[in-house]
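Here are a few friendly notes to read alongside the model. Please keep the 3D view open as you go through them.

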Amino acid sequence: MIDLHLHTTASDGRLRPEALVARAAQAGLRVMSVTDHDTVAGLAEAREAARSRGLRLVNGIEMTAVDSGRDIHILGYFFDPEDVTLERFLERQRAARVERVREIASRLHGLSVPIDVEALLAATPAGSGRSVGRPLVADALVAAGHSTDRRDAFDRLLGNGGPAFVPRCGPDVAGVLAIIAQAGGVTSLAHPRLLGIDDRIAGYAGSGLSAIEVRHRDHTPLDEAYYRRLAATLDLAVSGGSDFHGDDVRTGEQAMGEDLICGPGSVTLGADDFAALEARRPRPQ
């Protein structure tokens, strides 16, 4: 079994990389990818744990681009995590995340639902490589008694258009695709059903997108069939995974319909699809 969309405590997941690998092995996975947001800080620990359990770990990441004020998540695979250009790019991404969180905290204070933003940021120091974002702000709201869970925090405060929402400033899709490609990776548009930008996917393909994530916990069978047809039309590969963050995590942005238990391996990618995705890796110069 293959799951190419998993998160750890290096970004907004609940489990440390080693614990995530243990869960993946327990679920019967043989190939997995840790795809934390704008960071590769969890890869080394995950790689060692995967090696000890006989799993293949694919280097992965979920990077954020901005298109017309909207967050677009781009999954990257098979890249060199020590690529200097990539490292510097990710440092800028994480610094921008910190500034955004500070502005969100300021708005929350004005709404009389304050959080301890310094404590939050102290848990993700710049030198650690960990990234901070709205899900961790949501956790702080829960800890302060202002929200019942992440979903509630997003629904009432942090989601797009909410009173504490702060638009992201950052690179466009073409810029993120280029950064991953120059590091030797392939790219996939994450959970497109959640984005509402189907009319732009052809343009992303023209800018170098390698694949579409067709298998995802928030995609119905009809969604999967639609995005498979679209990928074939655009000569793109496909990817898929559970997008697991934690057993208790359903964010406001991702919660579409009833809550489901979506552990590692609950959504998988077929071996043929994986081989086709890996075949998109750039050839060495």
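1. Beyond its neighbours within four places in sequence, Asp152 is in contact with His146 and Ser147, where contact means heavy atoms within 4.5 Å. Asp152 sits in helix H6 (residues 150-158); helices (H or I, at least four residues) and strands (E, at least two) are DSSP runs, numbered from the N terminus. Its side chain also makes a polar contact of 2.9 Å with the side chain of Arg156. A polar contact is a pair of N or O atoms within 3.5 Å; within protein, one must be able to donate a hydrogen and the other to accept it, and residues adjacent in sequence count only if both atoms are side-chain atoms. Asp152 counts as buried because its relative accessible area is 17% (buried is under 20%, exposed over 50%, partly exposed in between, with a 1.4 Å probe and protein chains only).

2. A word on the basis of these notes: this is a predicted model, in which local features need pLDDT of at least 70 and side-chain atom pairs count only at pLDDT 80 or more, while totals for chains, interfaces and linings use all residues. Residues are numbered from 1 along each chain as its sequence is written, and side-chain values use heavy atoms, leaving out hydrogens and water.

3. Please look next at Asp71, in strand E4 (residues 70-77). With 14% relative accessibility, Asp71 is buried. Its side chain is joined to that of Arg168 by a polar contact of 2.9 Å. Setting aside neighbours within four places in sequence, the contacts of Asp71 are Thr64, Ala65, Arg100, Arg134, Arg168 and Leu195.

4. Which residues line the largest cavity? They are Arg97, Arg100, Val101, Val132, Gly133, Arg134 and Arg168. By class, this lining has 2 nonpolar, 1 polar and 4 charged residues (here Arg counts as charged, Val as nonpolar and Gly as polar). Helix H3 (residues 84-110) gives the largest share of the lining, 3 residues. A cavity is a set of points on a 1 Å grid over the protein atoms alone where a 1.4 Å probe fits but cannot get out, and lining residues have an atom within 4 Å of a point.

5. Finally, Leu234 lies in the loop between helix H9 (221-233) and strand E7 (237-240). Leu234 is partly exposed, at 24% relative accessibility. Not counting residues up to four places away in sequence, Leu234 touches Ile201, Ala202 and Ala205. From C-alpha to C-alpha, Leu234 and Asp198 are 12 Å apart in space, and they are 36 residues apart in sequence.

Conventions: On a 1 Å grid over the protein atoms alone, a cavity is a set of points where a 1.4 Å probe fits but cannot get out, and a pocket is an open set with protein on both sides within 12 Å along at least five of seven lines; lining residues have an atom within 4 Å of a point.
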